[in-house]
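Hello,

Here is the structure I promised to pass on to you. Have a look at it first, and then read my notes below.

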Amino acid sequence: MNHWIILPILLPAVMAPILVLAARHDLVLARVLSMAAAVLMLVLAAALLVSASVQPPQMYALGDWPAPFGIVLVLDRLSALMLVLAALLSLIVLLYALGGWDGRGRHFHALWQFQLMGINGAFLTGDFFNLFVFFEVLLIASYGLMVHGGGALRVRAGVQYVVVNLVGSSLFLIAVGLIYSVTGTLNMADLAGRVVEVADGDRAILHTGALLLLMVFGIKAALVPVHFWLPGTYGNAAAPVAALFAIMTKVGAYSILRLFPLAFGEGAGLSSGLAVPWLLPAALLTLALGMIGVLAARSLTQLASFAVIGSMGTLMTAVGLFSPQATSAALYYLLHSTLAAAVLFLIAGEVSVRRACGDRLAPGEGFADRGLLAAFFFVAAIALCGMPPLSGFLGKLMILDSARGASNAVWIWAVILVSSLLCIIGFGRAGSTVFWKTDPAAPALAVDVPGSRRRPVLPLVSIGTLLAALVLLTAFAGPLMGWIEQAATQIYQPERYIDAVMGEAGGYE
Amino acid sequence: MEFLLASAVGVMTAAGVYLLLRARTFTVVLGLTLLSYATNVFLFAMGRLAIDRPPVIAADASAYSDPLPQALVLTAIVISFGMTAVAVVMALRSFLESGDDLGAMTPSSGTPAQMVAEVGESSR
């Protein structure tokens, strides 16, 4: 048994209490520990990635209880990829937070580690009640991070976020209960074997449970019609928090990719293709609505929030096709859209601390580093809207290509292409208003003591690094896609996952 | 017993959803609580309703009830209790910071210009 698999959960779980207990009053120590943990996590995730690419799916049985009686963690290419993405994002965004955000409230670094613990746990677990528990871990931490920095409006948005997610958690529990009541298992691999055996009279209960789970994951992934919490939450959170939250929507996408091809794929008999009629229309609606939101946005953070909804729509369109080719395109787009959305929130954050009118889409006075930030915004907008030459273009191209054979290809093509145009218009309008137009009559930033114009340089480094990552993603798309295609193949070979968890004998029976 | 349990779950869910849709955070928290009660009872029933069957091994037991849903309910109770506490604290903080417990994002007495200013302020 590979004991390294549990470390992505253990490391933040140990680091967060240390941060609370030992570094409560010492911001410098907290920063050093937090950065060290983030670097360590990236190394660890990279090691697991290597391990996952040379070996078939690996199982880690907690407490050495055999599946399906104990809780298992499973490492395969998909989960390793998500771990690396989360670790990379958290390291780079943490750099941004060191520019001053982490000092504006208490326990920022501890909450950050707990958040990572929940995210990593959700990526690794092979048991869906355990998935619920890790969802709660990441949510509790995100509630704290969401209101980090305080302010009436932010706390109010935080209350809404908490309520929506508590309702989501109740639905999750009901779904788990429904599925357990007819299959008698909570283990995903075991479930995959038992879906076929469910009695005909109970199949409706199983389907209700599975579709409820789809809806819960849809809430996480901000799919229409349960997307409404996202703009308020992301738009009001602190910039680094919103950037980290970019991976949270992907937890929903990951969960759908994990559960549905495994348990409700081609081998599921009467239950196969359960999510197909629901996911694709919802995804296309999400995409359209997100990009219309981009057009209507009144501030850069709102723009970024709706761009996240739009990109989730694109991603889920590819996921909803449920074919290996479309899924590999989806995974590439997932990497791209996480980084691109995060960088956009960071840029919006940097603009808003430099201008008297914040990041509102209105002409203001000239501000520090305007040229640099404008260039950053330009690159991020190109990436996010999917214009050549950056990774968004490649991602969308692959998604369009994989949709060619689908029965509703016309719809997919039309929505993706038209929404890309809307995105370009929205971003063009926003960028030219904020970065080109100046209003000499606009009030200057109130604090005008000497030196206040000099901003910490770390946030800009962080933004630059994220953009460099996007460029690398484009430059090394070829080798990366080779790896990702194997990951997608693995997703659609559930028998290998089931073998890894249940053993060669196929379980205890 | 089935009817009693099913109607209890139904009534609690309905009342919970109704309260959730209210505008004030206090009723919303009550709604969340009712909804989590309903969920817990529902989860409990997923192990089938049975009388006089122990969940753990006993010498004189002829049949057993499923212990897993009971363990799940225990976990769910702990989590939903903690989450409700978080929701109450956040609602209280929101009440203290903004002076009313309306859950809506629009400030109760603000003009559009003030709202825009607040949006700019909060993203700072």
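Ile18(A) sits in helix α1 of chain A, which covers residues 7-22; helices here are DSSP runs of H or I with at least four residues, strands are E runs of at least two, and both are numbered from the N terminus. With 34% relative accessibility, Ile18(A) is partly exposed, the class between buried (under 20% relative accessible area) and exposed (over 50%), using a 1.4 Å probe and protein chains only.

This is a predicted model, where local features need pLDDT of at least 70 and side-chain atom pairs pLDDT 80 or more, while totals for chains, interfaces and linings use all residues. Residues are numbered from 1 along each chain as its sequence is written, chains are lettered from A and ligands numbered from 1 in the order written, and side-chain values use heavy atoms, leaving out hydrogens and water.

Next, the strands. Strand β2 (residues 72-75) of chain A is covered on both faces: Val72(A) and Val74(A) are buried on one side, Leu73(A) and Leu75(A) on the other. Strand β1 (residues 58-61) of chain A runs antiparallel to β2(A), joined by four bridges; DSSP must find at least two for strands to pair. Opposite Leu73(A) stands Tyr60(A).

What about the rings? Over all chains there are 17 aromatic pairs. The ring centres of Phe129(A) and Phe132(A) are 5.5 Å apart and their planes at 40 degrees, so this pair is tilted; rings of Phe, Tyr and Trp (its six-membered ring) pair with centres within 6.5 Å, and planes under 30 degrees apart are stacked, over 60 edge-to-face, the rest tilted. Phe129(A) is buried at 8% relative accessible area, and Phe132(A) is buried at 1%.

Enjoy exploring!
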